[in-house]
Amino acid sequence: MTSALAPLRAVVFDMDGTLVDNMQFHNEAWVSFAQKLGLPLTANDFQSRFAGRKNEEIIPELLGRPVAPDEVERIAEEKENHYRTLYRPHLKLHRGAAAFIQRLKEAHVPAAIATAAPQGNRELVLDGLGLRPLFASIVGAEQVTRGKPAPDIFLAAAKALGVAPTECLAFEDAVLGIMSAREAGMTVVGLTTAAPEADLREAGAHWVVQDFTQLPPALEQRLFSAQAR
């Protein structure tokens with residue numbers, strides 16, 4: 001039985017670009033930082049090369065040189081402060097996410113978040129929107145060795161939920177994130193908030209949707225009927 005047909009007993013969400021449609025603000029902050037340094041980075045470059053990776057992985061590759069931990073921290077905080085300033089006035093859940101999360105809660109389907117977002121960014125979204133109590137586990141980049149597309153963060157989320165990765169449904173917006181969830185063995189839904197449908201499918205998404213109001217009936221049947229078994 002393939003992961004696409006396995007019973008789905010839990011859900012793992014990426015955060016940025018998935019639960020919230022905020023990637024344009026991340027892209028703007030990274031491009032602004034790169035331009036400040038005279039580096040040629042576009043929003044498309046960031047989305048395809050870096051989205052989903054840890055800051056300590058992104059920054060040395062972006063700068064093209066080894067970067068000491070204290071410099072990584074300084075650069076990352078400068079960029080993240082800029083991002084939070086840009087995004088804070090627009091903070092809201094992606095369309096349909098609130099209703100879907102409520103359905104999961106009512107059906108007793110455990111849910112986790114697997115995100116490369118640093119703590120300050122998680123606090124902005126999770127605490128700013130009151131989401132933290134709705135998730136059984138929140139796994140951040142600091143809890144794993146490798147960022148996406150390595151499977152580490154999705155494997156950690158499944159372990160925290162006590163569910164086999166092959167029984168987890170993952171929601172992701174980034175190509176590297178979809179590759180990560182697929183490598184972990186999960187069934188994956190791609191959201192077209194930041195990347196074209198063709199790219200998400202090529203990365204391995206089983207389904208591709210615009211938002212949480214468009215979930216395929218076959219997916220919902222596998223997810224919610226599993227709880228009655």
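The model is predicted, so to speak of local features takes a pLDDT of at least 70 and side-chain atom pairs count only at pLDDT 80 or more, while totals for chains, interfaces and linings use all residues. Residues are numbered from 1 along each chain as its sequence is written, and side-chain values use heavy atoms, with hydrogens and water left out.

**The largest pocket**

- The largest pocket has a volume of about 330 Å³, a volume being the space filled by probe spheres set on grid points that are joined across faces, edges and corners.
- On a 1 Å grid over the protein atoms alone, a pocket is an open set of points where a 1.4 Å probe fits, with protein on both sides within 12 Å along at least five of seven lines; lining residues have an atom within 4 Å of a point.
- The lining has 17 residues, and N55, E56, A76, P118 and Q119 are the closest to the pocket centre.
- Helix 4 gives the largest share of this lining, 6 residues; helix 3 (55-63), helix 4 (69-87) and helix 6 (119-127) each supply at least two. Helices are DSSP runs (H or I, at least four residues) and strands are E runs of at least two, numbered from the N terminus.
- Domain 1 (10-21 + 91-225) and domain 2 (23-88) each contribute at least three lining residues, with bounds from an automatic or database domain assignment.

**A buried arginine**

- R122 sits in helix 6 and counts as buried at 8% relative accessibility (under 20% relative accessible area, 1.4 Å probe, protein chains only).
- Leaving aside neighbours within four places in sequence, R122 is in contact with several residues, among them M15, D127, R132 and E142 (heavy atoms within 4.5 Å).

**Aromatic pairs**

- The structure holds 11 aromatic pairs, that is, rings of Phe, Tyr and Trp (its six-membered ring) with centres within 6.5 Å; planes under 30 degrees apart count as stacked, over 60 as edge-to-face and the rest as tilted.
- F13 and F171 are stacked, 5.3 Å centre to centre with 15 degrees between the planes. This pair links strand 1 (residues 10-13) to strand 4 (residues 168-172), 158 residues apart.
- F13 is buried at 0% relative accessible area, and F171 is buried at 0%.
- Y83 and Y87 are also stacked, at 5.9 Å and 10 degrees; they are 4 residues apart in helix 4, so about one helical turn separates them.
- One aromatic cluster is formed by F13, F100, F135, F171, F212 and F224.

How values were computed: Buried means under 20% relative accessible area, exposed over 50%, partly exposed in between (1.4 Å probe, protein chains only).
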